[in-house]
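Hi,

Here is the structure I promised to pass on to you. Have a look at it first, and then read my notes below.

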Amino acid sequence: MSVSAPETMRAEVAGVSVERSERGKGRPLLFLHPGHPSGRVDPAAPVLELLAENRRVIAPTHPGFGMDAAPPKLTTIDDLAYLYLDLMEALDLRGCVLVGVGLGGWIAAEMAVKNCERLSHLVLANAVGIKVGNRETRDIADIYAVTDKQLAELVYADPARMVRDSKTLPQNDLVMMARSREATGRYGWTPYLHNPKLKGRLHRVHIPTLVLWGEADRVVTPDYGRAYADAIPGARFATIGGAGHFPHLEQPETFASRVLEFVEETHR
Amino acid sequence: MRVFQFTEQPYPDVWNDHNGSLRVNLPNRKLDPKRAADLFHRYYDEWQLADELGLDIMLNEHHSTATCMSAACVIGLSVLARITKRARLLVLGYPIANRPDPLRAAEELATIDVISRGRLEMGFVRGVPQEVAIANLNPVFQSDRFWEAHDFIMKALTSHDEPFNWESENFHYRHVNIWPRPYQQPHPPVWSTTGSTQTAKKLGGYGYIMATLGTGYDTRRLYDAYRQGYAEKRGTAAGADRFAYLGLVAVGRTEAEARRRGELIATYPRSSSIVFAPFRNPPGYLSIDDNVRILKGEGKPRSFTKDGRIVEMAKGSVQDLIDAGVMFCGTPDQVYDQIADFVEHCGGMGNLLMMGHAGPMSHEDTVENLTLFAQEVYPRLKSLRQPEAAAVAAQ
């Protein structure tokens, strides 16, 4: 039984109309979805309901990922980080748990190095965004240089989860699939899915941080996740079995309980 | 009509040894540099012949591919500027959206125009999708970057009194003042290519020469969009000299000889789409609507015969390619008739970009193909009466 039905709403933030779904009551949790080949999280997704058990879960759709085109002025992950800091201010969120997966984890990290004032906890799941290896090591698999079958094997513990035959999907789903692929390129083409400066700024994150990793992820491996955690003072690292780059989709129960347990344990 | 001889300067020796991709990820170990040197010299010899035969010259560039060894068009232009005497030198094109430094492009083009004593024809193109993987500049903003690089280059070529400033998201310069400035004033003629009616209309507004490739008997739709854009901005009708078409050309003394050459030239469309699939559709290169069509499994045919039959350029027979107006092939009489008919379909087309060499076609075949065309077909095309522009516009 659901704790509450999701509501979809919009807010005008710094001249941008930001769509979000909300559900649940209590202290806020801002959930930032990943990029291609997932993209926007369905407002009815089990993970959002599980996280909303005693929290207000706010899940925006990054501009360019839903049905609407991205506003021309938003071109970088930095732009999205400032947009969501503005959104938190507009909604007056305080003591907020910030959770980001994949590309959303990158946005979350960029927000946290800028300003942690409204944040209580940070959870980065299979986040991209930093450069770990040397210049000849590609830390992050090139999702645009592989076939759909190869992509499924990179991102999922169970590659059968990926849609193989898109031909019969509803028009809106296809538009959002196409937008998700384009928007991920928009924000992350070059430097490829990272900001060369971000790792050197992660020392500024001074809230309890959990780096959570779907252990079958081959886009960014658990070793990359460990390096992420090592760069954040006091961050904890944990893996989730049976999940790849999108642990919130493959193991929603484990994902939600790990997040909520971490928040309980490190309650401030 | 003007005719420009074009070859992609291919390295055809490995066209049957590519493991599914002739572009981007074909290891360059497969190229023998000595063989490449021989091929380059041969291609320049053939362009010198074209110059002597009264033909103009076109070249292009592609990257990381055995289909085209010209990876920097300015190198070919530079060589040709010095070794040819009279031919116009058309680059179609210079992929300016894939270059981080348009100032360098402006300097190169101006210098080539000067060295060639004003023979440069300056084609700017967005580039084929698989080039994105090489350039690694964001494909989502490629179109914007193309038009900004265009604006910048045009300003650099035409500003002569003091250095100017340019600071935008894409490009940052504080002292733009190119030396030398172009030989042709105010600037060399500008060309571009498109497959979309929207861009065609925009190019018409600029009055640039617009070329299409492989559009066959569907070309008129694009030309008419250009005509509309041209007339709206200028109040006059666009002449045939504003239009160009890339046609595969195979001439023979007999039909059988022409067909044999046609098969060799047809290796171009048959090879150019051999590329590892993911590189063919970088994000943002195609519109969301086009990508939704792809997700639905719907293709987007480009080439049509006169009676509306769809021809797949990569798979069609020589006869299919002739029917679709993609290839002009036969005896000189037949080739003339095919081109004249195509010009009529277009409502006027004043620049034939002739692919007179492709793939494994030998030097002897290429020489014979160019010579027969220049001597037996070209004189008649020069006196071909183009449809009257105002009458076409009124249709």
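In helix α6 of chain A (residues 222-230), the buried residues are Tyr224(A), Gly225(A) and Tyr228(A). Buried means that 20 or more other C-beta atoms, placed from the backbone, lie within 10 Å of the residue's own; helices are DSSP runs of H or I with at least four residues, strands are E runs of at least two, and both are numbered from the N terminus. Seen down the axis of α6(A), these buried residues fall within an arc of 100 degrees, so they line one face of the helix. The arc is taken from the directions from the helix axis to the C-beta atoms. Among the elements covering them are β6, β7 (209-214) and β8 (236-240) of chain A.

A word on the source: this is a predicted model, where local features need pLDDT of at least 70 and side-chain atom pairs count only at pLDDT 80 or more, while totals for chains, interfaces and linings use all residues. Residues are numbered from 1 along each chain as its sequence is written, and chains are lettered from A and ligands numbered from 1 in the order in which they are written.

Where does Ile140(A) lie? You will find Ile140(A) in the loop between β6 (119-125) and α4 (148-155) of chain A. Ile140(A) is buried, with 20 other C-beta atoms within 10 Å. Leaving out residues up to four places away in sequence, its contacts (C-beta atoms within 7 Å) include Val128(A), Tyr192(A) and Val219(A).

Finally, the two chains meet: 18 residues of chain A are in contact with 18 residues of chain B.

Enjoy exploring!

How values were computed
A residue is buried if 20 or more other C-beta atoms lie within 10 Å of its own, exposed if 12 or fewer, and partly exposed in between; C-beta atoms are placed from the backbone.
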